[in-house]
Structure formats: structure tokens, C-alpha cells
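Let's walk through a few packing details in this one. Have a look at the sequence and the model first.

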Amino acid sequence: MKILTSGQLRELDKYTIENEVVRSIDLMERAAKALSAAIMEEWGTDMSVVVFAGPGNNGGDALSVARLLAERNYRVSVYLFNIHNQLSPDCATNRKRLIDGKKVKAFHEITLDFDPPTLDASTLVVDGLFGTGLNKPLSGGFASLVKYINQSPCRVVSIDMPSGLMAEDNTYNIHVNIIKADLTLTIQLRKLSMMLADCQQYVGRLRIIDIGLSQEYIDRAKTPYAILEEEDVRAMLRPRDDFAHKGQMGTALIIAGSYGMAGAAVLATRACLRAGVGKVAVHTPRRNYEVMQMSVPEAVLQIDREEVYFSEAVDTGDFDALGIGPGIGLHENTAIALIAQIRRAQCPTVLDADALNILANHRAWMQQLPKDLIMTPHPRELERLASGAGTSDGCYERLSKARDLAQHIRAYVLLKGHHSALCMPDGSVCFNQTGNSGMATAGSGDVLTGIITALCARGYKQGDACKLGMYLHGLAGDLAARDLGKESLIASDIINYLPKAFKQLED
């Protein structure tokens, strides 16, 4: 599923109107019917409905929704803000239809002074003030209205976008001047800001309302942003040949663990095995020998010459993929061994955790990295790793840093989060939809490293391995949360549910 810019969304409306021979007012009515049906599914006629409509097409949608709800016996009061006496043509048409219908309880057109209605727990506010066209923070009276709504105990449903929230970059937005919706009914496609963690508090629950906008335009539109869907993942999944043997299923090398961090090596290795690779070798310090031998008997052990940390690069000629970083620590000898290992690796390589922290501490090495590396940072690791690191002013800026890093060093940078974002060397970004907050637990990232390493060893290209890996990782977490709940979820549960995740995709 593509994510279009606000400008492209306007073009999508225009293209649909011009090429499907539908009037803009009829397209608005089509949207209003779908929006009204969604609202009626959520709330009954016992709720008092207050509609706040702006002067543009978002306001026109809201007026049409108000009329349709009133026709279904909802008690509807409408406030149309026409401060500059300049409504969009379709908004003006829907104003006339609403007034002529005489079904709403009250209609107020605000041109100067505004006395806000009482909004209590039995009130449903329909927010139709501003949509995707907003390009600057709300101010003045609209900002005051937003604050009033947010401070009230009412329920709020926003049409297309919570008013005040911009479709892409909210870095310099005034966050107290954004509607906090309980439900957002967005038209046709998700918007970029809806995929970012710091905007979620405004969106609430999200439903996509399909109103039949031109699929031809969507297919042709060029955009760097997309959302990974199950049908995309199913198409990537390789069938397992009935006559395959372990030598044909790939051989992976995991370099992980220091003394006291053997668990990271265990989790990455177990996940790698569960992700379908034929053989896994683990390079780890001598002190981890017994732990690894007992915890992962299926793995082959390579023991480092040092007792407590990774100290020497190893030959990767016999391996199809390398995963390195979980729990290896920041010892200076480990840092030297890491850069040597990356330089001499002859196979796809996944860098995670301490491997990324070491690179952040030795920034000159960033210029020496081979292309097509896979990096899987969480937000703080990304901040340390990205050039000009420092605290980002929001998720959009952090995503931009990850995208710039991927293009600059020609790498695949998988920025982990609720909607993990895979930033690719060509500048494109793919968001993941699977996963849940129960996966915010120690070791979850080690599991992801093992999964992606296994998929690379199986022969998937780096981009496909990352997409399939992050989707499976999240899906296994969702299946685990369904059975076990989010509160008690641990990283081992994600590994244990990988077989069910694969089976769901295969079925």
C-alpha cells in the first residue's frame, strides 16, 4: 500500500473526478455515506452529535455527514466556521443541502463570535475542521477550539485527519493545538504521519474508508513511502523443496555474546534456526561454551580465543550470511575485531546492538563500510549512529536521518518501532504493520537479527530478507500476544511462535 503526499492526495481526487466522470460533489457524497456508516457502527442515537466543520472540503464532508446522521434520527448540532466568508464550492453546496433538509437540531454559521457548546461524556464530536491540506500549525480561535475539545470528556471522531495534524512533517507543529481523536476515519490511504509514534496520540484508533478513488492513479504515483502488506510477503516467501537437505537451506554465522550476555547469543541463534536456515554456527567467547551447548544444541560452536569477549575476525567463506552484534560489548579489542570482520565478510551481513554502538563510537569507520549492509537500530541507536547525531525533534526527523543514512552508506537501515521502517539505499521506505507493544522487551531485537540472518542465508536478497523478517517477527509477536497477552510477553515467546507465523503465511 502506497503512502501518498498531501499534494498527491489532492491530485488523486482530481484525477478520479476527471477520469471516472464523477462530479466532485458526488464524490464527496460517496465519502460522506461511507463515513456516516462507519460512525453509526461505532455509536448509537443515544449520543448527541456536535459537528465542527471548516470552510474547505473537509468541512464539506462534515456537513454531508451531519445531514446523513440527522436523517437517521441522530440529534445533530452543526457549527460551520466561515470566518472569511469564503467556503469551497462543495462545502457551500452541502451547507445549502443541510439547511434545506431541516433535519439537524441546530445549525450555526460562525463568522465572528463563537460561544462553544457544552461537550459532555454523552457527546460525540465530529471533527471536520481541517484535513490533509493543512500546512501550518493552528492558531487563534481554531487553536482555542481544539484545546476546548481536548479538555472535554466527549468522544471525538476525526474525518480524514485530526484537525491540526499535518499529513507528513509535524516537527515544528504546536502539539497542544492538535485534536486528540478517539477514532480517525481516513479516506482511501494512510498518511505518513499516521505511521509515526509521536502522532499516534492524536489519531486514536484508525479506520481506512475506501471510497473508490482511482486505483490507476495510485498505481502510477511515484512515492518513496509504502506499507508492507500480507499479500506482498506471501509473494516473497520461497517454497521449501521436498528433496532439500540442510546444505541447500543455507549456513549462517552468528557472532554474539560476551561474558554475562550469553542470552543475546542464545536468542539470536534460536531465532535463526527457527527461521528455516539449514545450519547455524555461533562464534562466542569461551566462557559462554556451556551455556550455548545446553541452550542451543542444534548450533555448531566456534569458541573465541578470549574468555569473555569477541576478539578476532573469522573467515566467512563457508557461510551464506553473517549476523553480528547482540551482546558483544564495547571492549576496544572487540571494536577492532568488528571492523575487521565487516571488511572481510564475503556474505550478506546484519549489524545490530553493540555492533552499531561501536560504529557510533568510531565514526571514521562509517566511510569504510561495504555497501548493502543491513543495520537494525532502535531509535536511540539510530540517534548515535546517524551523522550529526543528537536528539531528533520528533519521529519524522528521526526517520529522515535513517533514510539519509541508508542512502549515504548504501545500506538497509531498519529503524525498529511499532511500525518499523525499512530505509533502503535507493531512498525508498517500507513500513511494517505487524507487531505490538508486548514486544517492547529485552531480547526482541536479538530475535529479529537471527531471523533476518537466516533469511539472507536462505538466499533472499537483503531488501526482501528485511521485509519478510520484520513482518514475521511482528506476526509471531502478534500470535504470541493473542494467546499469552502483551504484559507477559518475552523474547523467547516470539521465537516459539515463529512456526505459527510461517504457517499462517504458507496457508
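Helices here are DSSP runs of H or I, at least four residues, strands are E runs of at least two, and both are numbered from the N terminus. Heads up: this is a predicted model, where local features need pLDDT of at least 70, side-chain atom pairs count only at pLDDT 80 or more, and totals for chains, interfaces and linings use all residues. Residues are numbered from 1 along each chain as its sequence is written, and side-chain values use heavy atoms, with hydrogens and water left out.

Q: Is I17 buried, partly exposed or exposed?
A: I17 sits in helix α1 (residues 6–19). The cut-offs for relative accessible area are under 20% for buried and over 50% for exposed, with partly exposed in between (1.4 Å probe, protein chains only). I17 comes out at 26%, so the label is partly exposed.

Q: Leaving aside neighbours within four places in sequence, which residues is I17 in contact with?
A: Contact means heavy atoms within 4.5 Å. L27 is 10 residues away from I17 along the chain, with their C-alpha atoms 7.6 Å apart. Skipping those neighbours within four places, the contacts of I17 are V22, S24 and L27.

Q: Which strands do the buried residues of α5 pack against?
A: In α5 (residues 140–151), the buried residues are F142, A143, L145, V146 and I149. They share one side of α5 because they cover an arc of only 160° around the axis, taken from the directions from the helix axis to the C-beta atoms. That buried set packs against β1 (48–53), β2 (75–81), β4 (123–128) and β5 (155–159).

Notes
Expected span 1.5 Å × (residues − 1).
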